[in-house]
Amino acid sequence: MNTSVKSRLNQTILLLSILYFFFSSVSTYAQEFKAIEFSQKDRVLILAPHPDDEVIGTGGVIQKAIKSLAEVKVAVFTNGDHNELAFIVYEKRLVFRKKEFLHLGELRRKETIQAMEFLGLKNKDVIFLGYPDRGTMEILTKYWGEVSPYKNLLTRIPKVMCGECFSPGAPYLGESILKDLKNVILDFKPTKIFVSHPIDTNPDHRALYLFLQIALWELNGQIEKPEIFSYLIHIWGWPKPRGYKPELEIAPPKKLKDSDIDWYNIELSEEEIKKKYEAILLYKSQVKPYPIYLPTFARRNELFVKHSSIKLKREDSLLWHGFKFPGEEEYVEGENPPEKIISALACGSDKENFFVKLNLRRRIDKDFGISVFLIGYKTNEDFSQMPKLKLIIDMSGVRVKDKKHTLFIKDVNLKYENKKRTMVIKVPYSVLGDPDYILASASSRVRLLPFDETAWRIIELE
């Protein structure tokens, strides 16, 4: 055998080894996933934060459910009218006026209808709620009760402007969103709900998941409890490699794959992958500015997660639950920002108080501070009246705000441990409205600008 033949043979063996390693790895992942099955008895509700999330997150689910003769509805949380970058690239002009933002939202709404009809749904199966793009998390934490509705500085829109939306004219308040979500669920009575993930970096994706949890608590006893599956869209450095690669599977993000999360999966046929890809291309206003990113999700499978709440007992002695959310403690090269400051978060309880413990990679100083959000839910209480606390921690100590109002409470206590790398915050349950559930998250800021944020926890108190 001459040298050139040997070289080609070695190259072939190397290539086959790489392919074997890759596909055997894919197969290993696949064995760890649980399958999602659909039947004609299913009523599948897709909740999408923005126009296009329904297809990149669940384009395969929609096709599988329709083939199984299940009923399918899609509800889109916002019309995506605040994506200026996409607008500049797509229409080659800057956006300043209100009617131009509304035009962008209407453009994206029509793209969604076209794509969903392409996948087999009818126009009546697609619902648009029309709440503010990049404003829903702020509504959840601040805009309840007798306050002026949320209004973005750029769009200056305070209510649902779209005449084809579910509740035209509804003010941008928490009550409006909760009422619409509850009515959508009550009308359709879904057996399965697919919704954005609470670890997603986009605030609308997180807010939709939290609003859904609150709506389901309020509907407890009025409907049969549906299965909830969360899908991932915005995770740092995921999925990779980017681009339309229909031969590949989507694997869990590295920082989550070794966690105890229960992953669910659906496998797509070649025909279904192609149809999902073609549906993605119908979102022309989004594909043009993001030509590589969106097609990345047209692959051999779609991944989902089922979450369960953290259960805490109110007992005499302090008990802690965990000290990390999967993916928050360990930095993985290329997978999360190296500057991530909040490395872990734990929740604890005694008989009278709720505790939050944060591990930080940087001490609090004049430029760096932390905020902790704690939102209480109590059965049979008006959620709009329940405290929605923001604890603002800086060099002067801790300040407490409830929605938009500053509270003067001495009972909220802050102390430091581990050379000021760990902070422990104690909040009396009475300050939180003696809740049955607490929604909790923490974020950091550098020189008043938001920096990083933990996933939201749902804590069930026993």
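**Salt bridges, rings and backbone**

Tutor: The count comes to 23 salt bridges, a salt bridge being a side-chain nitrogen of Lys or Arg within 4 Å of a carboxyl oxygen of Asp or Glu. This is a predicted model, in which local features need pLDDT of at least 70 and side-chain atom pairs count only at pLDDT 80 or more, while totals for chains, interfaces and linings use all residues. Residues are numbered from 1 along each chain as its sequence is written, and side-chain values use heavy atoms, with hydrogens and water left out.

Student: How is such a pair to be read, and which residue does Lys-192 meet in a salt bridge?

Tutor: Side chains of opposite charge can pair when their charged atoms come close. Here the partner of Lys-192 is Asp-42, at 3.0 Å from N to O. Lys-192 lies in strand E5 (residues 192–196) and Asp-42 in the loop between strand E1 (34–35) and strand E2 (43–48), so the pair ties together parts that are 150 residues apart in sequence. Helices (H or I, at least four residues) and strands (E, at least two) are DSSP runs, numbered from the N terminus.

Student: Are Lys-192 and Asp-42 buried or exposed?

Tutor: Buried means under 20% relative accessible area, exposed over 50%, and partly exposed in between (1.4 Å probe, protein chains only). Lys-192 has a relative accessible area of 7% and is therefore buried; Asp-42, at 8%, also counts as buried.

Student: Which salt bridge does Glu-272 form?

Tutor: Glu-272 pairs with Lys-67, and their closest N and O atoms are 2.7 Å apart. This pair links distant parts of the chain, with Glu-272 in helix H9 and Lys-67 in helix H2 (residues 53–67), 205 residues apart. Glu-272 is buried, because its relative accessible area is 3%.

Student: What is the partner of Lys-276?

Tutor: Lys-276 forms a salt bridge with Glu-302, the closest N and O atoms being 2.6 Å apart. Since Lys-276 lies in helix H9 and Glu-302 in strand E8 (residues 301–306), the pair ties together parts that are 26 residues apart in sequence. Lys-276 is buried at 1% relative accessibility, and Glu-302 is buried at 3%. Salt bridges that share partners also join Asp-42, Lys-192, Glu-227 and Lys-306 into one network.

Student: Let us turn to the rings. How many aromatic pairs does the structure hold?

Tutor: A pair of aromatic rings is described by the distance of the centres and the angle of the planes. The structure holds 19 aromatic pairs. Rings of Phe, Tyr and Trp (its six-membered ring) pair if their centres lie within 6.5 Å; planes under 30 degrees apart count as stacked, over 60 as edge-to-face and the rest as tilted. Tyr-131 and Tyr-172 form a tilted pair, 6.1 Å centre to centre with 55° between the planes. Tyr-131 lies in strand E4 (residues 126–131) and Tyr-172 in the loop between helix H5 (136–142) and helix H6 (174–188), so this pair ties together parts that are 41 residues apart in sequence. Both Tyr-131 and Tyr-172 are buried.

Student: Which arrangement do Tyr-244 and Tyr-277 adopt?

Tutor: Tyr-244 and Tyr-277 are stacked, with 3.6 Å centre to centre and 10° between the planes. Tyr-244 is in the loop between strand E6 (227–231) and helix H8 (254–257), whereas Tyr-277 is in helix H9 (residues 270–281), 33 residues apart. Tyr-244 counts as partly exposed at 32% relative accessibility, and Tyr-277 is partly exposed at 21%.

Student: Where in the backbone are cis peptide bonds found?

Tutor: The bond from Trp-238 to Pro-239 is cis, with omega near -10°, and the bond from Lys-240 to Pro-241 is cis, with omega near -5°.

Student: What is the phi value of Asp-52, and what is that of Asn-380?

Tutor: Phi of Asp-52 is near 115°, a positive value in a residue other than glycine. Asp-52 lies in the loop between E2 and H2 and is buried at 7% relative accessibility. Asn-380, also a residue other than glycine, has a positive phi near 70°. Asn-380 is in the loop between strand E13 (368–377) and strand E14 (388–394) and is exposed, with a relative accessible area of 77%.
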